[in-house]
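Have the sequence and the 3D view open as you read.

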Amino acid sequence: MESKKITDKKKLKLAIGLGSTCSGCDIAILDLGVKLLELIGLADIVFWPTVFDFKYSDLKELGDKEIDITLHHGTIRTTEHEEIARILRKKSKVLIAFGSCSCFGGIPGLCNLTDKKQIFDAVYGENLSVANKENIFPEEKLLINKNKSITLPHLFDTGKTLKQLVEVDYFIPGCPPPMQLIEGLIPLMKDVLGGAQLPEKGTVFGSKKTLCDECTLKKENKMISKIVNPVTAIVDPERCLLEQGILCMGPVTRGGCEARCINVLMPCRGCMGPGPETEDQGVKMISAIASILGVKDEENLTDQQIEDLLSGIKDIVGTFYRFTLPDALLNRKVKERR
Amino acid sequence: MFEPKIIGFCCNWCAYAGADLAGINRNQYPPNIRMIRVMCSGTIEPLYVVKAFKEGADGVFIGGCHPGDCHYQSGNYKTQRRIVLLKRAISEIGLDPRRIRLEWVSAAEGQRFARIITEFTEEIRKLGPNPLKLSGVENGI
Ligand code: SF4
Ligand code: SF4
Ligand code: SF4
Ligand code: FES
């Protein structure tokens, strides 16, 4: 059989690059602890600006496909992020979208509910804590003298996922990805070194089932009569949170985190992204919640009572697409033509 | 003049039969609606509606049986709740919720069906083309 080996090296080259990120993904990798030593034993790190003193020039000097594995975290928000993502793609054999931001747009992807102008108006103008009488807004280009100017990256109106820009080989979702998935990088690296069959392109690391499948809370009867607030509610720690009226994204979210939020009695907010076979996490949740809320006595409810019941769900897009707006079917707010 | 494209999802037992009756009775209504027959309004996933908009529909009509008349008992109650939420979601995204219309139409209401579709077509005509055609990540930067 033809060898699947994508490298003959004894030690891999690993890069960790970024877009608009909170760096939680970097911290999650550092949290590998002792296993980090094992990882470093398998791969030389050739780019990881958050942790080591790497410059973009270091990256640009590498040859095409010279990096064996790249982890990319963060949303694509600026021209700088776009440039780095394209360079990483060109220089890497295996490009992995790491974390919900890179996979689906993540929390920064909620920027798609506004645009650059609205953000600048708020941050440099309207916010109560801002005093900007002269109306000074950041410029992308600043002239220092006749011959010299410095430029800042351009901020896009719309946040993008990595896959919307370049081809992505694998996806490791989670905000940040759960430890058990990050640890999975080590066998993957060994497979690359040993020339073993690699997972199919496009594989999403995580469970092949939804979160509810691995959640250990007792599920009895998914019919709820109202939405309750998880902060003020008195929660039965044994019973499914959704059945208690707490909005939990478990039914539409991919498993793989071992229900780490549920284990501390916080409802799932959906950071692992859409469940397997789910095309769009948010509309699936609309469908799921409408199927169980207000079922009892439904034939006697007036239109107004139905509206009132559903008004317990605030901010639908921000709740049901908290981590996946750029990846959704309707992935940004309709732009007003200016 | 702008000719709206409207996608209609109608349940087999009532709304679609109502549309049929409109045809038999020769009740006139504008040809802007493309109708898709489904077994029950409860099978219309919000995903279908969103996909229709994504693909450029200017309006989406959903027709089901009157409350109490669903042939699968409760499909239409579920549909009603879904559409309430979906309308809110699309208006958060900046689409006018009037672009979705849910109506209960019985098999005997051919004339009413024709009137509703005429009204809805005119309403969408006033709202203008689906603005998503110019939005979305694909052409949003
Ligand atoms: S996925 Fe979460 S932890 Fe990682 S960069 Fe995005 S916001 Fe931070
Ligand atoms: S809805 Fe939430 S709490 Fe209930 S089983 Fe699913 S993950 Fe667990
Ligand atoms: S429970 Fe939900 S929000 Fe929490 S880590 Fe798991 S997928 Fe993410
Ligand atoms: S069969 Fe008509 S709505 Fe269910």
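This is a predicted model: local features need pLDDT of at least 70, side-chain atom pairs count only at pLDDT 80 or more; totals for chains, interfaces and linings use all residues.

The residues around ligand 3 all carry the chain letter A: A:L211, A:T253, A:C257, A:R260, A:C261, A:C268, A:R269, A:G270, A:C271 and A:M272. Sort that shell by class and you get six nonpolar, two polar and two charged residues.

Now hop over to ligand 1. Around ligand 1 you'll find A:T21, A:C22, A:G24, A:C25, A:G99, A:S100, A:C101, A:G174, A:C175 and A:P176. Two helices, α1 (24-30) and α5 (100-104) of chain A, each give two or more residues to this shell. By class, the shell around ligand 1 has five nonpolar and five polar residues, with no charged ones.

Next, how is chain A divided up? The domain assignment gives domain 1 (2-108 + 160-204), domain 2 (115-155) and domain 3 (211-337). Taken over C-alpha atoms, the centres of domain 1 and domain 3 of chain A are 31 Å apart. Where these two domains touch, 18 residues come from domain 1 and 16 residues from domain 3.

One salt bridge is counted between domain 1 and domain 3 of chain A. Look for A:D327 and A:K163, too: their side chains meet in a salt bridge, with 3.4 Å from N to O. On the domain 1 side of the contact with domain 3, α5 and α7 (179-183) of chain A each supply at least two residues. That side is made of nine nonpolar, seven polar and two charged residues.

Then there's chain B. In its meeting with chain A, 31 residues of chain B are in contact with 42 residues of chain A. Between the two chains, two salt bridges are counted. Which helix of chain B gives the largest share of the side that touches chain A? That's α3(B), with twelve residues. The chain B side as a whole divides into 16 nonpolar, six polar and nine charged residues.

Here are the two interfaces in one table. The size of an interface is often given as the accessible area lost when the parts come together.

| Interface | Buried area | Share on carbon and sulfur atoms | Residue pairs in polar contact |
|---|---|---|---|
| Chain B and chain A | about 3,300 Å² | 67% | 14 residue pairs |
| Domain 1 and domain 3 of chain A | about 1,200 Å² | 57% | seven residue pairs |

Note on methods. Residues are numbered from 1 along each chain as its sequence is written. Chains are lettered from A and ligands numbered from 1 in the order in which they are written. Side-chain values use heavy atoms; hydrogens and water are left out. Contact means heavy atoms within 4.5 Å. Buried area is the accessible area (1.4 Å probe) that two parts lose on being put together, summed over both. A salt bridge is a side-chain nitrogen of Lys or Arg within 4 Å of a carboxyl oxygen of Asp or Glu. A polar contact is a pair of N or O atoms within 3.5 Å; within protein, one must be able to donate a hydrogen and the other to accept it, and residues adjacent in sequence count only if both atoms are side-chain atoms. Helices (H or I, at least four residues) and strands (E, at least two) are DSSP runs, numbered from the N terminus. Ala, Val, Leu, Ile, Met, Phe, Trp, Tyr, Cys and Pro count as nonpolar, Asp, Glu, Lys and Arg as charged, and the others, Gly among them, as polar. A residue is near a molecule or strand if one of its heavy atoms lies within 4 Å of it. Domain bounds come from an automatic or database domain assignment.
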